[in-house]
Amino acid sequence: MRDLLRDSWLIARKDLAIEFRTRSAFLSAIVFALLGIVIFYFAWDPTAVTTVDLAPGVLWVVFTFSGLLGLHRSFGVEQPDRAIDGLLAAPIARESIYLGKALANLIFVIGVQAVAIPAVALFYNLPVGPVLLPLSAIALLAAIGLVSVGTLFSAMAVNTRLAELLLPMLSLPFFVPIVIPAAQATAKLMSGRPVGDALPWLKLLLAFDIVFAVACMLAYPFTIEE
Amino acid sequence: MKVTPLSIAAATTVAITFVRAIFFTPLEATQGPAQKILYLHAPAAWVAFLAFGLVGLASVLYLWLREDRLDRIAESSAEVGLMFTTVVLVTGPLWGKPVWGTWWTWDARLTLTLFLWFIYLAYVVLRGAVDDRSMRARYSAVLGILGALLIPFIHLSVYLFRTLHPQPILMKPGAPSLPGEMLATLLLAFGSFTLLYVALLRARYRYAVERDDAHPTEAYVA
């Protein structure tokens with residue numbers, strides 16, 4: 001177990017180092033998220049729909065799509081020179097490759113959230129201060145679910161003929177039980193309801209995270225047999 | 001599709017079902033002829049769920065036993081199931097418009113069926129996008145299993161979503177207790193559609209076998 005975590009951390013560090021030095025995916029995901037937040041504002045009539053009603057949906061839709069940008073790169077960076085073979089030849093458990101990739105993606109996605117949530121608060125004029133703690137909990141739970149499924153599908157999609165085109169088609173149905181609870185719970189908090197009102201949604205998110213983190217980690221070795 | 005005793009039996013019973021449904025089953029008092037679509041809609045939905053259940057089961061068994069046959073069963077069942085789900089999604093709005101007054105409503109069951117359709121559409125697309133046969137079988141088995149795991153979550157989230165909101169009174173479904181004659185037709189429809197499913201599954205499976213025999217190693221283009 002300790003080996004598994006240590007190896008995963010190594011792989012996550014490798015991916016984060018690549019990302020930190022190139023900054024290509026992170027920057028494009030941030031810009032994409034900001035553009036999405038801005039464009040969504042003009043898709044509704046602000047005199048008819050209040051921003052408090054609009055913001056949770058915008059936040060989670062934008063966040064989901066920008067997450068996809070990072071997820072595709074996750075295994076995309078292993079494609080040139082078949083770098084994945086090097087990882088597979090390493091004397092580590094296959095699960096730790098998945099876990100390491102997922103960990104790097106999680107940090108990536110949390111980084112995107114750290115910019116997107118304040119941006120939504122700013123542009124939509126939302127009082128996020130008092131609900132910051134429960135909101136961060138929702139964001140973390142949603143990020144874990146998103147990344148568990150997305151990392152596995154990224155590993156599969158890069159080996160198909162459609163590559164990055166297939167990733168949204170595979171992932172988005174799986175993001176539905178993440179986006180609905182996250183947006184609903186956020187809406188409850190933003191409209192000043194007690195945290196208890198959002199609890200059923202949080203439980204659903206947590207259940208999703210547990211089931212799919214385990215299932216995807218167990219499924220990953222099946223996708224890389226040669 | 002080759003004509004077999006099974007396919008003849010399936011076609012005949014489906015024909016009998018429709019003749020009985022149209023001419024020998026009484027009209028529903030309030031909905032009138034529109035309600036007749038039940039005998040197509042409900043059995044198609046049953047077959048769709050049955051087909052996807054089989055995809056999940058065959059996927060688990062494939063990863064365990066690595067039998068090519070199981071992969072072909074999953075492949076065939078997913079395609080046939082996708083077709084029946086399409087029938088459900090087309091007949092549903094056709095029935096909903098005259099009876100509920102709207103083509104579509106984000107009710108738990110409708111939403112679930114729609115996402116089922118999306119998942120298995122992705123499944124079929126994924127199969128077509130992987131050239132290596134063993135990889136295709138493993139990938140689609142993984143997606144088949146995860147898809148089956150996803151269904152309760154989608155159901156739960158859309159169910160919670162729905163019950164937390166007031167429901168339009170107009171769209172309340174009527175009492176499901178059917179009079180005897182209608183129930184008999186419906187049960188007949190369930191039986192004949194299941195038979196049709198088995199016949200189509202077999203035909204699609206046979207196609208997969210012939211294709212794999214013709215191209216034993218090389219990739220095929222779907």
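Visitor: How many residues of chain A are in contact with chain B?
Guide: In this predicted model, 24 residues of chain A are in contact with 25 residues of chain B.
Visitor: Which gives the most?
Guide: H7(A) does, with ten residues on the side of chain A that touches chain B.
Visitor: What is that side made of, by class?
Guide: The side of chain A that touches chain B has 18 nonpolar residues, along with four polar and two charged ones.
Visitor: Turning to helix packing, how do H6(A) and H8(A) cross?
Guide: The axis of helix H6 (residues 132-157) of chain A comes within 9 Å of that of H8(A), and the two cross at roughly 25°. Because angles under 35 degrees count as roughly parallel, H6(A) is roughly parallel to H8(A).
Visitor: Is the crossing left-handed or right-handed?
Guide: The crossing of H6(A) and H8(A) is left-handed. By class, their contact has 20 nonpolar, four polar and one charged residues.
Visitor: Now confidence: what is the mean pLDDT of chain B?
Guide: The mean for chain B is 85, and 89% of its residues reach 70 or more.
Visitor: Where is the pLDDT of chain B below 50?
Guide: Residues 165-172 of chain B are below 50, and this stretch has five contacts in the model beyond near neighbours in sequence.
Visitor: And what does the model score overall?
Guide: Its ipTM is 0.87 and its pTM is 0.87.

Notes:
Residues are numbered from 1 along each chain as its sequence is written. Chains are lettered from A and ligands numbered from 1 in the order in which they are written. This is a predicted model: local features need pLDDT of at least 70, side-chain atom pairs count only at pLDDT 80 or more; totals for chains, interfaces and linings use all residues. Two residues are in contact if their C-beta atoms, placed from the backbone, lie within 7 Å. Helices (H or I, at least four residues) and strands (E, at least two) are DSSP runs, numbered from the N terminus. Ala, Val, Leu, Ile, Met, Phe, Trp, Tyr, Cys and Pro count as nonpolar, Asp, Glu, Lys and Arg as charged, and the others, Gly among them, as polar. Axes are lines fitted to C-alpha atoms, for helices over the stretch in contact, and angles run from 0 to 180 degrees between N-to-C directions. Angles under 35 degrees count as roughly parallel, over 145 as roughly antiparallel, 65 to 115 as roughly perpendicular and the rest as oblique. A crossing is left-handed if the near helix is turned anticlockwise from the far one by less than a right angle, and right-handed if clockwise. pLDDT is the predictor's confidence in each residue, from 0 to 100.
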